[in-house]
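Trainee: I would like a close look at one part of this model. Please take me through the salt bridges.

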Amino acid sequence: MSNDIPQAPSWKGIAPVKIRFGNRVHELRTTKGMTQMQLAMRAGLDRSFISDIERGVKEPTISTVDLMAGVFSMTLSEVFEGV
């Protein structure tokens, strides 16, 4: 019997998506001149959750990303650009 199981693509050298997304949120937030607290309050989230997202500790749901997109006055696809 052959061991011809397809292998997942190698992402070696590329940061995990939660890190890339966290960096994107940080970039958007700081570009808009907002603190983590301001983003959290406007999106109805906890400041520590924003911090966890930015550090790649937590992965937000699409509904949470949609809330943040609204605060940034962006579409979901714009929020994910470059991620």
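Trainee: Is Lys 58 buried, partly exposed or exposed, and at what relative accessibility?

Mentor: Lys 58 counts as partly exposed, at 38% relative accessibility. Here buried means under 20% relative accessible area, exposed means over 50%, and partly exposed lies in between, with a 1.4 Å probe and protein chains only. Some ground rules come next. This is a predicted model, so local features need pLDDT of at least 70, side-chain atom pairs count only at pLDDT 80 or more, and totals for chains, interfaces and linings use all residues. Residues are numbered from 1 along each chain as its sequence is written, and side-chain values use heavy atoms, with hydrogens and water left out.

Now the partner of Lys 58. Its side chain meets that of Asp 52 in a salt bridge, 3.6 Å from N to O. A salt bridge is a side-chain nitrogen of Lys or Arg within 4 Å of a carboxyl oxygen of Asp or Glu. Asp 52 counts as buried, at 13% relative accessibility. Asp 52 also forms a salt bridge with Arg 55, at 2.3 Å from N to O.

Another of them pairs Arg 24 with Glu 27, with the closest N and O atoms 3.5 Å apart. Arg 24 is buried at 12% relative accessibility. Glu 27 is partly exposed at 40%.
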